[in-house]
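Please read them beside the structure.

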Number of protein chains: 2
Amino acid sequence: MPAEKIDGKFISTDLRARIKDEIATLKESHPSFSPKIVIIQVGDRPDSSTYVRMKLKSCAEVGIDGELLKYPADISQTEMMQKLDALNKDTSVHGVLVQLPLPPQLDEEAITNAVNVEKDVDGFSELNIAAVFKKNSKLKIVPCTPKGIMYMLDYEKIPLEGKTAVVCGRSDIVGGPMSKLLEKRGATVTTLHSKTTPEQFKFFLKNADIIVSAVGRVNFIHGEDVKPGCVIVDVGTNYVADATKKSGQRMVGDVDYESCAQVASKITPVPGGVGPMTVVMVLHNLLQTAKEQSHL
Amino acid sequence: MPAEKIDGKFISTDLRARIKDEIATLKESHPSFSPKIVIIQVGDRPDSSTYVRMKLKSCAEVGIDGELLKYPADISQTEMMQKLDALNKDTSVHGVLVQLPLPPQLDEEAITNAVNVEKDVDGFSELNIAAVFKKNSKLKIVPCTPKGIMYMLDYEKIPLEGKTAVVCGRSDIVGGPMSKLLEKRGATVTTLHSKTTPEQFKFFLKNADIIVSAVGRVNFIHGEDVKPGCVIVDVGTNYVADATKKSGQRMVGDVDYESCAQVASKITPVPGGVGPMTVVMVLHNLLQTAKEQSHL
């Protein structure tokens, strides 16, 4: 029996509608409630422009006021910090998102940490990261991709406690927090990474009830690698040549969907899986910060 | 061939001597260099008094000025925060250590976080925790027990990269950072915890090249559970009845030493393993903060 597809597009559309409803209701009961996000883009990377456009469009759709601040690629660290300081102080702004990556002259870590922890809708600042990692800490703002994956798993009612999970990748914004969030829900998690040997990959993948792959390599996981009945979440966004497409390429994940779908019980597609969940979680985080700052 | 004992007492004595030498040298070249730690003890728990006494004695031995501030068990949160604020501002104090646990009226997390990150020699504050967890963050102050274990493993020249490690326990100050520190050095780490099933424990333990156990249960790991040639670090401090001792009890770890020593290649004893390493790392962290604050 082929695996059931976890439809991130459907789940995110459903969540987006709920967010829209909640914002509309709040605006009605509290006429001064006016959730607003500011997105900062430095330079003109086309991929960044696409992401920023997508985020602003989504915001508009649910009733979040979105403003784009575009700065030249050669902006100095000092100027960036001043801009952020002003936004941190501006009470009409509930969320500040710095589109990454930044040009090399800028200190990405310092800038990420300069966003007020209450407005950090990406969840990338140190204090938000620490809250994810600390066992007894109250979660503050959770980074969008792992948050979106947890939402999908819960939506699909996939049990986590007592299960074995493998997270491929250990980045600060996906793999690292993902492992910790699964662990906090009672899964026993192994994080696989660039220093993990092929034999170890084989061993841990084959034993996992839940697999989250965020390594960015095409055809990284095959059906023969995984345990029958497992759940696979594919975070990969890789591009392969495809002459049938106008752009000459198409997006694929880390997972060989065809063969894995023969073995797994549930699996996310690429595109239409994790991607749309990540975008809607920006809205979810912004609604959270706007409510907090408006004492609602 | 029985396992080689990893002698934490010896390694910590050796490190303590190095710290003492470095402080003496620094005092000679910089006569104003006067490293100082303040330990805060709230109430009169006998175990806390023992630990505090031990730490102060160790400080004195290496040339660190130690001061104990003892507060009544009913001190208020506000008063505690004021005391910490004063210590944070006091430039003659390079490290502040709040002996845990605290009485129930006090908010342990808020108090731990109130210690200036530069003086947090326990490494328990959010920003220090975040630095351990973030992949690309420069490590600041690492909590003493995991830091001590890493030092021991390095002292014994135990390879970590490409190895499989299991950490039993996921506390914020031992298991959590331990897993991350091993991962940062290239090990593939599985963290086992209270929701891990017995079958999962069996499976992961048997496959691990390195085992760190911090669960606080007597006879938790036996020789038959582990992989031949593995390295075992026992963080457990449990007490069992022993009529031959004056106190009527003796301290044991999580690991059944006798049977494990028949299978492992190296193993830490209890006592005399991790315990003395943890104490000496307070000194190591204090020397680090004192040097930083004195711009040395």
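**Notes on the predicted model**

1. In chain A, the centres of domain 1 and domain 2, taken over C-alpha atoms, are separated by 29 Å. Domain 1 covers 31–121 and domain 2 covers 144–274; the bounds come from an automatic or database domain assignment.

2. This is a predicted model, in which local features need pLDDT of at least 70, side-chain atom pairs count only at pLDDT 80 or more, and totals for chains, interfaces and linings use all residues. Residues are numbered from 1 along each chain as its sequence is written, chains are lettered from A and ligands numbered from 1 in the order in which they are written, and side-chain values use heavy atoms, with hydrogens and water left out.

3. Helix α1 of chain B (residues 8–29) has 22 residues, which should span 32 Å at 1.5 Å a residue; the end C-alpha atoms are 31 Å apart, in agreement. The expected span is 1.5 Å times one less than the number of residues. Helices (H or I, at least four residues) and strands (E, at least two) are DSSP runs, numbered from the N terminus.

4. Among the buried residues of α1(B) are B:Ile11, B:Leu15, B:Ile19 and B:Leu26. On the other side of α1(B), B:Asp21, B:Thr25 and B:Glu28 are exposed. Buried means under 20% relative accessible area, exposed over 50%, partly exposed in between (1.4 Å probe, protein chains only).

5. The buried residues of α1(B) pack against α2 (46–62), α6 (144–155) and α10 (274–293) of chain B, contact being heavy atoms within 4.5 Å.
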